[in-house]
Amino acid sequence: EMLEKGGFDHFMLKEIYEQPRSIKDCMRGRIYPKEGKVQLGGIKDYTEKLKNIDRIVIIACGTSWHAGLVGEYLIEEYARVPVEVEYASEFRYRNPIISEKDLVIAISQSGETADTMAAIELAKEKGATIFGICNVVGSSIPRITHAGVYTHAGPEIGVASTKAFTAQVTVLTLMALYIAQQRGSIHQGEMVKMLTELDEIPSLVEQCLKSNDTVLAISEKLKDSRNCLFLGRGSGFPVALEGALKLKEISYIHAEGYPAAEMKHGPIALIDEDMPVIFIATKNSSYEKVISNIQEVKARKGKVIAIVTEGDKEVKKMADYVIEIPDTNEAYLPLLATIPLQLLSYHIAVLRGCNVDQPRNLAKSVTVE
Ligand code: G6P
């Protein structure tokens, strides 16, 4: 087993460190930066269909649902198609309004999640076109969808999803740009720029991993917390949700993710000196807004841990701890900001003596409803 872990203490850590490669594998043969082209063989027969859809509905569970939320930002921004993101377990038990004009994208690492499968069957009966985004080749979901794109992240052993999540987000990025290109909602010059920057993501993820020692030191300070709040705006919001889920799953610390602006409608009541608040505070369109949220937390003596853009000075002055990540196109922020949050939950769980790879009560693949 030590061999399988490739020298790492746990599969989860190995899988976190595999991400520069898994993201690269996911893009291999699919992006052509110089030509400004995305090629997705698995869905190429549906190009005409993509021009005529009215709406996209993303269905998934758990971490895959968080990837779906990132997908919503990307698809709406670039392809300009309305997107809804649904929990498969909710979607399947109401009478959803779905027609032939809808494209349903089902996301599942395992390709076996019972609720996601049932939701797919329901949408199919109603005439929708179904794409799958799965990791396990030959699993059930790719067999019941019309078309799809594999994430190619390789086997994920740790129960808490890490590299599968970033690969799902990568595929959703490729799909957003592909649909945008088919529908003519993106200029060729913009495509070239986006793909050139996307091509650099694996090496930027590598740089994010260098924050490991800083994250370990912060984990020492947070390990005895009873609660944690994760806040972000825009696509930083799903990153916050995923950060909170990861911490809950493996360290058993109660954690919640919230859109930073919603803090004033509830979570702010919880803030005191025992409440660490983790902010996604990188330099992007919501930077100034996030700064005022940080001030609100500091005014109530909360402990602030902030993920910031390299070289940031403003947040550094206010936060108790900062973790730097490289600057990138705002569209790719989730792929980078997620990395230190994975490391944070990993180290906290290890320090608390938890079984990181097999947390209590959780299963890698949930084949019951
Ligand atoms: C389980 C796993 C999660 C995963 C979720 C959805 O709860 O522990 O890591 O996100 O199922 O699984 P799927 O295979 O459909 O992505």
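Let me start with a term: a residue is buried if 20 or more other C-beta atoms lie within 10 Å of its own, exposed if 12 or fewer, and partly exposed in between, with C-beta atoms placed from the backbone. A nonpolar core is then a set of buried Ala, Val, Leu, Ile, Met, Phe, Trp, Tyr and Cys residues joined through C-beta atoms within 7 Å.

This is a predicted model: local features need pLDDT of at least 70, side-chain atom pairs count only at pLDDT 80 or more, and totals for chains, interfaces and linings use all residues. Residues are numbered from 1 along each chain as its sequence is written.

Confidence next. The protein chain has a mean pLDDT of 96; pLDDT is the predictor's confidence in each residue, from 0 to 100. For the complex, ipTM is 0.97 and pTM is 0.97.

Now the core. The largest one holds 126 residues, and A176, L177, F279 and A306 touch the most other members. Helix 8, residues 163-183, gives the most to this core: 13 residues. Helices here are DSSP runs of H or I, at least four residues; strands are runs of E, at least two; both are numbered from the N terminus.

Take A306. Leaving out residues up to four places away in sequence, A306 touches F279, A281, I294, V315, A319 and V322. Touching means C-beta atoms, placed from the backbone, within 7 Å.

On to I31, in strand 1, residues 31-32. Why does I31 count as buried? Because I31 has 24 C-beta neighbours inside 10 Å. Beyond four places in sequence, I31 touches V38, L174, L195, L198 and D199.

Technical notes
Contact = placed C-beta atoms within 7 Å.
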